[in-house]
Amino acid sequence: MSVIAGIHNYDSDPVSHEDCGRLMHALQMYQTDELSGWRGDSVFLGCGVKRVTPESLGEKLPYEDKELGLVITADAVIDNREELFERLQVERQRRNMPDSELILLAYRKWLIDAPQYLIGDYAFVVWDRKRRLLFGARDPIGNRTLYYHQNGSRFSFATTIEPLLTLNDRHVSINETWLAEFLALPAEYESADPFSTAYNGIGQLPPAYSFTLMNGFWSTLQYEKLRPAQIPQFKTNESYEEAFREVFAQAVRSRLRTHKAVGAALSGGLHSGSVAGLSAKELQKEHKPLHTFSYVPPGDAAHRTVSDPVNDERSLIKQMVRHIGGTSDHNLYFPENSPLSDMDEWLDILEMPYKFVDNSFWTKDIHKQAAEWDIGILLTGFGGKQSVSWGSPVDYYAYLLKRFRWMRLYRELGPYSRSTKLGRTRLLSMIGRSAFSRRTGNAAYAGEPILIHPDFARSMHVRELLRHFDADIGGGTAFTLEGRARLLESMTFSSMQGTRRTKLSLRYGVMERDPFLDVRLIRFCLALPLEQFVQHGMNGALLRRAMKGDLPDTVRLNPRVCGIHGEAWVYGLLKDLKRIAEDIDALCKNDAANEYLNIPQIKASFHKVDRHPRPGLALVPDLQLLMRGLAVHRFLHKLRSLPPVPAPLRSGSYS
């Protein structure tokens, strides 16, 4: 795990010591064990290394292979090391070879096709001195980030945006196209353009993309498109379960490689429990405990949120910890923290506005606690819903209805009716609406409050944007093979999650890894028949069956939605209503905010929240709108008040 940065001058002049110093100075703000730079020809490469894997203990980055004429700087953990060793015919030093050197060997053999053979979380840049070519890539899921800036004379890149702002004297402004998309698109998405960022002039390399820069010409290539794996069509559920478990266990084992302790974020839900169950079993073979970190609401919050029966998951977490064994469990709650109190810190971490207000404070604080326990890898199960537990039963039943598979639909309705306590007539009405109504990503059609200013929306052609977005992405939520692939290939969604993971790791020095976002597992799941995902009225059917014996049935077969902590985030906000009112007042008086945000709607939403403050507001879109509006308001304020460029480091030299 590293933070990387670099510069390439198009005119072949050496990069100045002043610019090298500026980049290296900017990298000092992150959690690293060692800062180093390499300077040669028209290129400077820098790296701040955080040593997480055993092989990284002796890793030198940037790394130069003088014989090959290659230099690499990398933020990478490669999971298919043994496969690569065989393909590359590496016989010696397998155990201690750093991942960056393995990437360099892959580049030597396959050149710009190398990323197609790599599995893991990575962003790297290689300087090929013989070809005078700069080459970089980002992993297929986007678990690590890579930003860039170009002008007429040079190209610069970095893991984060801050070094690029420092290098370019902070001459930045808001990217209005990005902001319009952020305000208008559904909550899960920030931008329709995977190359764009919140800053004019700063781009990002999307997941599954590589770039080449040669003779001043910069080009990109999408090297990976998620496609179903080639697997047999099994005849029994048991065969599918066995095959799935083998791939899932491989994904978990790949993410346990660290010389430090291993942690896992554990809720009362199926996905985090499955990750914890398999990883604890693997760690027991090495006589190592799994440290679990669980957010639990304060005791009085549990009493205040009776409308949400799964909000307090302590009993489910206890049952899992007892059943799994081999764990050191940590129950955490943060009575002084709320999405509002942590907003400025999140804006600093992410370098942009964000939408995930409900779980923001406890996600960050779990990373902070994990760092205090010297955790190297923090496992999560956030990606399970997208890759393994695909689709809701209603979506699947709509799929069956439209394809005249009525006998299977009839057999499924009984169990689903019993688990949801809904009558068949009502269920059939819901299924019919899902089957024959057009889905849309446009909040206006859904009757939800609109955050974007109407004039700003018109000037940025938001209606046309939403129409195209709905066709490209929104329609992909239907329960079809094509729909699954389209959502998983949605680079804007995966890029957003990768941004959070990367930047939290740099803030706290703990690398978050999710076995459900293993490319091998995703390809396997894309090849499965749809009926493997919903059976007997329950979603996540394949995972539930495969985890039999590894999880208590109270969790494995729990039909309720767990792992989201319901209304607890609202409980913290209720204590901050006075501060929210002050912030809303400042927002309404802010000229920039008035240009971009729908102020009348913000006032109406706050009136609605203030008039009836209660934990049940978690289900009301108005509160989400207010928090996103405040995030944009505070970001605009930060953008105007960016501090001056720090004095560059002038001591030292770069070889």
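**Asking why: rings, a helix and a pocket**

Trainee: Why is tyrosine 240 called buried?

Mentor: In this predicted model, tyrosine 240 has a relative accessibility of 4%. Buried means under 20%, so tyrosine 240 counts as buried.

Trainee: And what makes phenylalanine 234 partly exposed?

Mentor: Its relative accessibility is 28%. The partly exposed class runs between the buried limit of 20% and the exposed limit of 50%, so phenylalanine 234 belongs there.

Trainee: Let's move to ring pairs. How many aromatic pairs does a search of the whole structure find?

Mentor: The search gives 26 aromatic pairs. One of them joins phenylalanine 155 and tryptophan 218.

Trainee: Why is the pair of phenylalanine 155 and tryptophan 218 called tilted?

Mentor: Start with the distance: the ring centres are 6.1 Å apart, and rings pair if their centres lie within 6.5 Å. Then take the angle: the planes are at 35 degrees. Stacked needs under 30 degrees and edge-to-face over 60, so this pair is tilted.

Trainee: What makes it a link between distant parts of the chain?

Mentor: The two residues are 63 apart, with phenylalanine 155 in strand S9 (residues 154-158) and tryptophan 218 in strand S12 (residues 217-222).

Trainee: Why is the pair of phenylalanine 234 and tyrosine 240 called edge-to-face?

Mentor: Their ring centres are 5.1 Å apart and their planes stand at 90 degrees.

Trainee: Which residues do ring pairs link into a cluster?

Mentor: The cluster holds Tyr148, Phe155, Phe157, Phe211 and Trp218.

Trainee: Now helix H9. How do you know that its buried residues sit on the same side?

Mentor: In H9 (residues 314-324), the buried residues are Leu316, Ile317, Met320, Val321 and Ile324. Around the axis they cover an arc of only 135 degrees, which puts them on the same side of H9. An α-helix has 3.6 residues a turn, so residues three or four places apart point the same way.

Trainee: What is on the other side, and what covers the buried residues?

Mentor: Lys318 and Arg322 are exposed on the other side of H9. The cover for the buried residues includes helix H7 (270-284), strand S14 (290-295), strand S15 (327-332) and helix H23 (553-556).

Trainee: Back to the loop between S3 and S4. Why is glutamate 55 placed in the buried class?

Mentor: Glutamate 55 has 10% relative accessibility, and the limit is 20%, so it counts as buried. Leaving aside residues up to four places away in sequence, glutamate 55 touches Arg81, Arg95, Asn96, Met97, Pro98 and Arg257.

Trainee: What makes glycine 58 exposed?

Mentor: Glycine 58 lies in the loop between strand S3 (43-49) and strand S4 (63-65). At 67% relative accessibility, against a cut-off of over 50%, glycine 58 therefore counts as exposed.

Trainee: Finally, the second largest pocket: how many of its lining residues are charged?

Mentor: The lining has 14 charged residues, along with four polar and two nonpolar ones. The pocket holds about 460 Å³ of space. Of its 20 lining residues, the closest to the centre are Asp79, Glu82, Arg253, Ser254 and Arg257.

Key:
Residues are numbered from 1 along each chain as its sequence is written. This is a predicted model: local features need pLDDT of at least 70, side-chain atom pairs count only at pLDDT 80 or more; totals for chains, interfaces and linings use all residues. Side-chain values use heavy atoms; hydrogens and water are left out. On a 1 Å grid over the protein atoms alone, a cavity is a set of points where a 1.4 Å probe fits but cannot get out, and a pocket is an open set with protein on both sides within 12 Å along at least five of seven lines; lining residues have an atom within 4 Å of a point. Grid points are joined across faces, edges and corners, and a volume is the space filled by probe spheres set on the points. Ala, Val, Leu, Ile, Met, Phe, Trp, Tyr, Cys and Pro count as nonpolar, Asp, Glu, Lys and Arg as charged, and the others, Gly among them, as polar. Helices (H or I, at least four residues) and strands (E, at least two) are DSSP runs, numbered from the N terminus. Buried means under 20% relative accessible area, exposed over 50%, partly exposed in between (1.4 Å probe, protein chains only). The arc is that of the directions from the helix axis to the C-beta atoms. Contact means heavy atoms within 4.5 Å. Rings of Phe, Tyr and Trp (its six-membered ring) pair if their centres lie within 6.5 Å; planes under 30 degrees apart count as stacked, over 60 as edge-to-face and the rest as tilted.
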